[in-house]
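Here's a quick briefing to read alongside the structure.

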Amino acid sequence: MRILIDHGAARNLGDTGMVEAVVLQLRNLLPHAELYVIDRSPLRMPIWDLPQVFRQAPYAVRPFWSLSLSKVPYFWRFERSWRRTISGLFLGCLGRLRTAGSLALPAQKENGSQTKTLAEFCEPFDALHVVGGGNLTDEFYEELYRRCCLILAFAEQRKPVTLTGQQLGPFTSTFSKRGLARALRRASFVGLRERSDSWKFCEESHLDPARFEVMGDDSLALPPAEESLVCSRLAEHGLRPKEFLAINLRVGYYAAEHARHLEKVATLADRLGHQFGLPVLFVPLALNELDSDIVTAKKVV
């Protein structure tokens with residue numbers, strides 16, 4: 001069995017941990033399966049050294065929204081909103097006016113032959129597994145569009161699709177919300193990482209109750225590092241196990257309002273540190289330029 005594993009990991013340690021945990025779980029459950037993991041994360045992952053785990057070149061779906069407002073006077077400021085709206089509209093058309101498998105892919109080569117459509121890209125695989133995260137929202141409209149296209153293309157070939165550890169939404173576009181609902185209704189199973197909005201989304205989307213469940217974050221299945229390694233890494237920063245306070249905070253374009261609370265977080269961390277007599281350790285997860293936790297931590301300090 002050949003399973004394609006898709007994910008939203010880039011330069012993010014949390015997302016990378018989810019991928020590693022899912023791969024380890026699938027190897028235990030299906031020891032004879034071949035796992036083809038989309039290789040789009042620049043971070044080092046030990047899964048590439050495992051037997052029957054292979055790197056799969058990233059796929060891209062040619063976008064419908066070719067009209068750009070970026071160079072149009074005044075309207076350039078609405079470029080992102082325009083792209084999000086158009087992607088939602090076309091996402092709503094998939095499976096109705098056009099099949100996902102017929103969508104064109106940018107020029108790429110698979111096994112020496114030209115892959116032209118999404119259906120041809122999916123053909124070599126027997127199943128799709130989508131690793132969890134918080135990327136199924138129209139805030140990340142390009143990723144939402146690409147992921148829904150992939151799910152529908154597998155469903156059109158009558159191949160099983162499973163998702164685990166997902167957080168669904170929030171949405172600003174009704175079209176995007178309906179498009180995701182239509183895609184998830186074609187999935188064999190949808191695992192959620194929280195019981196609030198994601199659970200409500202599945203109920204409102206009329207997913208089969210037997211096909212979705214709360215299972216927590218995928219990274220919870222990741223085995224911990226050796227205690228000796230943890231101790232040595234902490235010692236490099238003058239810290240000892242269980243004798244520090246850990247904080248993670250992020251300011252990005254999708255969480256810009258967090259910037260208004262940096263002073264409150266700094267005050268809280270300072271008071272807690274003095275109250276318990278413990279140093280405060282900022283643990284960065286996102287390492288991208290647009291949402292660097294290291295940059296945010298420096299601002300708080």
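Helices and strands here are DSSP runs, numbered from the N terminus; a helix (H or I) takes at least four residues and a strand (E) at least two. Keep in mind that this is a predicted model.

**How α4 and α5 pack**

- Two packed helices are described by the angle between their axes and the distance between the axes.
- For helix α4 (residues 141-156) and helix α5 (residues 174-184), the axes come within 9 Å and cross at roughly 30°.
- Angles under 35 degrees count as roughly parallel, so α4 and α5 are roughly parallel to each other.
- The α4 and α5 crossing is left-handed.
- On the α4 side, the contact uses L144, C148, I151 and L152, which meet S176, G179, L180, R182 and A183 of α5.
- Sorted by type, the residues of this contact are six nonpolar, two polar and one charged.

- As background, most residues other than glycine have a negative phi, and most peptide bonds are trans.
- G169 and P170 are joined by a cis peptide bond, with omega at about 5°.
- P170 sits in the loop between β8 (161-168) and α5.
- Q52 isn't a glycine, yet its phi is positive, at about 65°.
- You'll find Q52 in the loop between β2 (34-38) and β3 (53-56), and at 31% relative accessibility it counts as partly exposed.
- H206 is another non-glycine residue with a positive phi, near 60°.
- H206 belongs to the loop between α6 (197-204) and β10 (212-214), and its relative accessible area of 65% makes it exposed.

Definitions and conventions. Residues numbered from 1 in each chain as written. Predicted model: local features only at pLDDT ≥ 70, side-chain atom pairs only at ≥ 80, totals over all residues. Heavy atoms only, no water. Axes fitted to C-alpha atoms, helices over the stretch in contact; angles between N-to-C directions. Parallel < 35°, antiparallel > 145°, perpendicular 65-115°, else oblique. Left-handed = near helix turned anticlockwise from the far one by under 90°. Contact = heavy atoms within 4.5 Å. Nonpolar A, V, L, I, M, F, W, Y, C, P; charged D, E, K, R; others polar. Buried < 20%, exposed > 50% of the residue type's maximum accessible area, 1.4 Å probe, protein only.
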